[in-house]
Amino acid sequence: MSERDAAAQQLEQWKAKNENKIGYATNSAGIGIVNPMTSLTIGKYGLIPLRDWQMIEHLSHFHRERIPERIVHAKGAGAFGVFECTKELSEYTSSSVFESVGKKTPIAVRFSNVAGNMGSADSVRDPRGFAIKFYTEEGIWDLVGNNTPIFFMRDPILFPMFIHTQKRNPVTNLRDWDAFWDYFSLTPMCVHQVMFLFSDRGIPNGHRHQHGYGSHTFSLIDKNRKLTWCKFIYKTNQGIENFEDPKEAERIAGEDPDYATRDLYNAIQNAKESGNNDYPSWTFYIQVMTPEQAKQQKFNVFDLTKVWPHKNFPLIKVGKFQLNRNPSNYFAEIEQLAFSPNNLTPGIGDSPDRMLQARMYSYQDAHRYRIGANFQQLPVNKPVNPRNNFQRDGLMSFYNQGGAPNYYPNSFGGPHPDSEAANWTPPPQQFEGKEDYYPEFFDEDNYSQPKVFWERVLNNDEKTRLVKNLASTIKLTKRDIQERTADMFANVSEDLGARLKQQLFGKSKVVHL
Ligand code: NDP
């Protein structure tokens, strides 16, 4: 952390712009505050009367300054910028974002750690959230991605239990490595993501030096309602950088827990002040797959624990984005920034990915609890195009749509159905099968892609660090959990299992489950 960097100078910069523009202090009703430094008392050393409205309002509002922190992704940083289309995509989608080369769409981005609480350190081993809000003229498109193309699970019912193992033990209120590895070793569908997490990319060097992925399979719908399955990928133009030495990340976590937040703020501020336009930026790609191709794949293309191999589904460069404005107020613009995977604008649709289906419900529900029923009225969440709906009232409704009819059908010129919608609504989909629980889904092909990751993607040094990183916390658990976890990794590759056992037990016996 440099001395007096851009972040450290924020107040000074504010003063340079605003000095002498701000009038006298008031309460929230605009009434002048007489004395912000002392309470009203009966006599110099006497009691404070109830009529000291100034102190009562001051304290009462203070008590309510915090909203519930996000249950996951609580620690975050964000910024604003612009997305630019570099390839017209009418072949696949009617989306206005991709309608012509050079088309620009304003965006907001929020980066986050997943497991830690709001004040936790940035430089810890954890997946990172990487969510983009596109303010399109057709409504808000929220691409609520991560810095990995996959996730720990393929069924949403597992999510709350998984998160319990990443959060604090209910008795000790400490992170619990027994719970962490007990769960993973009993849930081998996690193994692909766990390998990403314990590889070098598990601790990125700040938010700017990582890729982002929409992760789920989405759909693109063209103006004739033709559907193409799609993945979204955004690659950093700053280059991948990681803390390969976890000790260095630990040192930074102690010295500057807000390392990534500071780095992002300073990078944007420095680019602005120097005028060099060197803002953090990413190149945006898609992968596409026809419904016919999807049926031919050996793996379930809607399974969030799997990637689409690049060789068969090459990346297509379609855009770029940069972040060129820091929030003018963190709470208003980042803490209240609320992403909802169900916000899909015309030309972009969902898929039968079970995790996506659940996230389309969960995020909005969580925001209603965390921020309130009218969270989408807040300036940072509201669309740039007109909103005409039939929702009214609720806490803090400041956009209550005046006298417009709040019902449909109506004969008073109120909102009417979108006559264009028929052109972009996804085509009808047919699903076959009986309503039932399908337990075999739990263990569907857990190992083939992790095996490729180990054998073909990582070089030997990266493999050595992955094994060391895994062993560093597995060894903190009970012996039977250590053995079961090592066996799970041996199922990915005998070599990986042997190396891990060597680290843990000083021997390399391979035991298959
Ligand atoms: P490719 O060789 O074409 O792609 C390998 C990918 O791995 C590249 O995108 C590379 O990213 C990425 N990568 C390299 N090191 C790491 C790491 N430590 N953590 C996460 N990603 C890393 O192979 P395939 O497409 O055939 O995929 C093979 C395996 O690669 C998959 O089974 C999966 O495990 C992994 N992978 C695949 C991705 C995909 O979308 N196909 C994406 C990421 C990983 P970069 O180009 O930025 O260096």
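Trainee: What makes the pairing of the side chains of threonine 165 and glutamine 166 a polar contact?

Mentor: Keep in mind that this is a predicted model. The two side chains are joined at 3.0 Å, and the cut-off for such N or O pairs is 3.5 Å. Neighbours in sequence count only if both atoms are side-chain atoms, and here it's the side chains that are joined. So threonine 165 and glutamine 166 qualify.

Trainee: Which residues touch the most other members of the largest nonpolar core?

Mentor: Trp181 and Phe489, out of 41 residues in that core. Helices H3, H4, H5, H12, H13, H14 and H15 each give two or more residues to it, and H5 gives the most, with 6.

Trainee: How do you know that this core lies between domain 2 and domain 3?

Mentor: Both domain 2 (76-152 + 203-377) and domain 3 (447-505) give residues to it, so it lies between them.

Trainee: Which residues does tryptophan 181 touch, not counting those up to four places away in sequence?

Mentor: Val194, Phe198, Leu470, Thr473, Ile474, Thr477, Ile481, Thr485 and Phe489. There's also a second, separate core of 36 residues, with Tyr92, Ile107, Phe321 and Leu323 among them.

Trainee: And domain 1: how many Å separate the C-alpha centres of domain 1 and domain 3?

Mentor: Those centres are 59 Å apart. Domain 1 covers 10-63.

Trainee: On to the ligand. Which residues are the closest around it?

Mentor: His192, Arg201, His211, Lys235 and His310, from a total of 17 surrounding residues. H5 and H12 each supply at least two residues of that shell, and H12 has the largest share, with 5 residues.

Trainee: How much of the ligand's accessible area does the protein cover?

Mentor: The ligand has 790 Å² on its own, and the protein covers 78% of that.

Note on methods
Residues are numbered from 1 along each chain as its sequence is written. This is a predicted model: local features need pLDDT of at least 70, side-chain atom pairs count only at pLDDT 80 or more; totals for chains, interfaces and linings use all residues. Side-chain values use heavy atoms; hydrogens and water are left out. A nonpolar core is a set of buried Ala, Val, Leu, Ile, Met, Phe, Trp, Tyr and Cys residues joined through side-chain atoms within 4.5 Å. Buried means under 20% relative accessible area, exposed over 50%, partly exposed in between (1.4 Å probe, protein chains only). Helices (H or I, at least four residues) and strands (E, at least two) are DSSP runs, numbered from the N terminus. Domain bounds come from an automatic or database domain assignment. Contact means heavy atoms within 4.5 Å. A polar contact is a pair of N or O atoms within 3.5 Å; within protein, one must be able to donate a hydrogen and the other to accept it, and residues adjacent in sequence count only if both atoms are side-chain atoms. A residue is near a molecule or strand if one of its heavy atoms lies within 4 Å of it. Accessible areas come from the Shrake-Rupley method with a 1.4 Å probe; for residues, only the protein chains shown count as cover.
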